[in-house]
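This note sets out points for a colleague who is reading the structure alongside its sequence. Please keep both in view while working through the numbered paragraphs.

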Amino acid sequence: MQPVNEMNLEFPSRSVNEGFARTAVACFAAQLDPTIDELNDIKTAVSEAVTNSIVHAYPGKIGPIHIRARIFEDRSIEIVVKDKGIGIPDIEQAKKPLFTTGNEERSGMGFTIMDSFTDKLVVRSRPGYGTTVKMLKKMLPFAGLK
Amino acid sequence: MNLKIYEKEAGMEIYMEGELDHHGAKDTMRRINSAIDASMPQTCVLDMSGIGFMDSSGIAVVLGVYRRMEEVSGSMRVRNVPVQAKKVFKAAGVDRIVDFE
């Protein structure tokens with residue numbers, strides 16, 4: 001399926017960019033005319049993915065985070081959040097609820113939230129090369145077109 | 001995160017305002033914890049009506065307050081949780097641990 005539109009975004013892994021990233025993706029997703037709930041789901045999932053990269057990808061330094069969002073004719077959006085950080089050695093372990101290597105302000109629920117707020121979640125990582133989180137969310141059909 | 005903390009006879013009331021994400025979570029926890037430590041209230045109510053957005057960082061904040069209140073033998077409740085934040089708590093099962101009004 002060919003995308004109808006695409007946007008790319010890159011920013012440094014500073015926590016102040018979490019709000020910017022989720023709002024920017026939500027603005028782009030607005031082209032699909034989503035409901036407020038759908039828009040909030042997208043914001044929440046993006047916030048989790050970006051926060052993971054900010055907290056874990058570049059220990060003790062700042063590195064780039066890239067987001068690519070593409071929208072399709074079937075009213076779906078694919079969001080790819082990518083970093084070039086240290087990677088995740090054990091993805092299955094990282095995805096487990098409550099598992100965290102972060103500090104007390106982390107809950108270990110990031111992947112659980114991403115998973116339940118989107119329709120599809122794929123996490124790929126290679127230690128030393130980085131992590132890619134791909135999420136797919138399909139908007140419900142317009143009420144009038146059902 | 002804007003916090004308004006009131007100490008009433010019935011206990012402590014904390015009104016949270018703004019977006020609750022990782023960026024502000026640590027500072028939010030620190031301010032709430034020091035307020036609880038200073039007055040050791042019997043009850044603590046977190047009013048979330050002013051939360052425009054919350055991700056899983058909010059879970060850590062709420063569970064942090066829950067634990068802190070247990071340490072001072074008090075109890076806590078969360079009230080006026082907006083729809084989006086409620087969905088985050090539910091997905092994580094926090095509604096089974098913490099008392100939501």
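1. Two strands are taken to pair if DSSP finds at least two bridges between them. The model under discussion is a predicted one. In chain A, strand E4 and strand E5 (residues 130-138) run antiparallel and are joined by seven bridges. Within this pairing, A:Arg126 has A:Gly130 of E5(A) opposite.

2. The sheet of chain A may be considered next. It is an open sheet of five strands, arranged in the order E1-E2-E3-E5-E4, and its pairing is antiparallel. Strand E1 (3-12) and strand E4 (120-126) of chain A are the edge strands, since each pairs on one side only. On average, neighbouring strands of this sheet are turned by 10° against each other, direction ignored.

3. Besides standing opposite A:Gly130, A:Arg126 places its charged end over the ring of A:Tyr129, at 3.9 Å from the ring centre.

4. Chain B also contains an open sheet of five strands; here the order is E1-E2-E3-E4-E5 and the pairing is mixed. Which strands stand at the edges? They are strand E1 (2-8) and E5 of chain B; each has a single partner strand, so one side of each is left without a neighbour in the sheet.

5. The antiparallel sense is found in chain B between E1(B) and strand E2 (residues 11-20), which pair over seven bridges. In this pairing, B:Lys4 stands opposite B:Tyr15 of E2(B).

6. The parallel sense is found in chain B between strand E3 (residues 43-54) and strand E4 (residues 75-79), with five bridges. B:Thr43 has B:Ser75 in E4(B) as its bridge partner. Together with helix H2 (residues 57-71) of chain B, E3(B) and E4(B) make a right-handed β-α-β unit. From E4(B) the chain then crosses through helix H3 (residues 83-92) of chain B to E5(B), and this β-α-β crossover is right-handed. E4(B) and strand E5 (residues 99-100) of chain B pair in the parallel sense over two bridges, and B:Val78 has B:Phe100 in E5(B) as its bridge partner.

7. Helix H1 (residues 22-39) of chain B contains B:Arg30. The side chain of B:Arg30 is joined to that of B:Asp27 by a polar contact of 2.6 Å. How far apart are the C-alpha atoms of B:Arg30 and B:Val61? Their separation is 9.6 Å, although the two residues are 31 residues apart along the chain.

8. Over all chains, the structure holds three aromatic pairs. One of these is formed by A:Phe11 and A:Phe20, whose ring centres are 6.2 Å apart; their planes lie at 90°, so the pair is edge-to-face. Is A:Phe11 buried or exposed? A:Phe11 is buried, because its relative accessible area is 5% and the cut-off for buried is under 20%. A:Phe20, with a relative accessible area of 40%, is partly exposed.

9. B:Tyr6 and B:Tyr15 also form an edge-to-face aromatic pair, with 5.7 Å centre to centre and 80° between the planes. B:Tyr6 is partly exposed, with a relative accessible area of 37%; B:Tyr15 is partly exposed as well, at 27%. The ring of B:Tyr6 has a further neighbour: the charged end of B:Lys8 sits over that ring, 6.0 Å from its centre. B:Tyr15, for its part, is the residue that B:Lys4 stands opposite in E2(B).

Terms used. Residues numbered from 1 in each chain as written. Chains lettered and ligands numbered in written order. Predicted model: local features only at pLDDT ≥ 70, side-chain atom pairs only at ≥ 80, totals over all residues. Heavy atoms only, no water. Helix = DSSP H or I, 4+ residues; strand = E, 2+ residues; numbered from the N terminus. Right-handed = clockwise from strand over helix to strand, strands pointing away. Polar contact = N/O pair within 3.5 Å; in protein donor to acceptor, adjacent residues only side chain to side chain. Phe/Tyr/Trp six-rings, centres within 6.5 Å; stacked < 30°, edge-to-face > 60°. Buried < 20%, exposed > 50% of the residue type's maximum accessible area, 1.4 Å probe, protein only. Lys NZ or Arg CZ within 6 Å of the ring centre and 35° of its normal. Axes fitted to C-alpha atoms, helices over the stretch in contact; angles between N-to-C directions.
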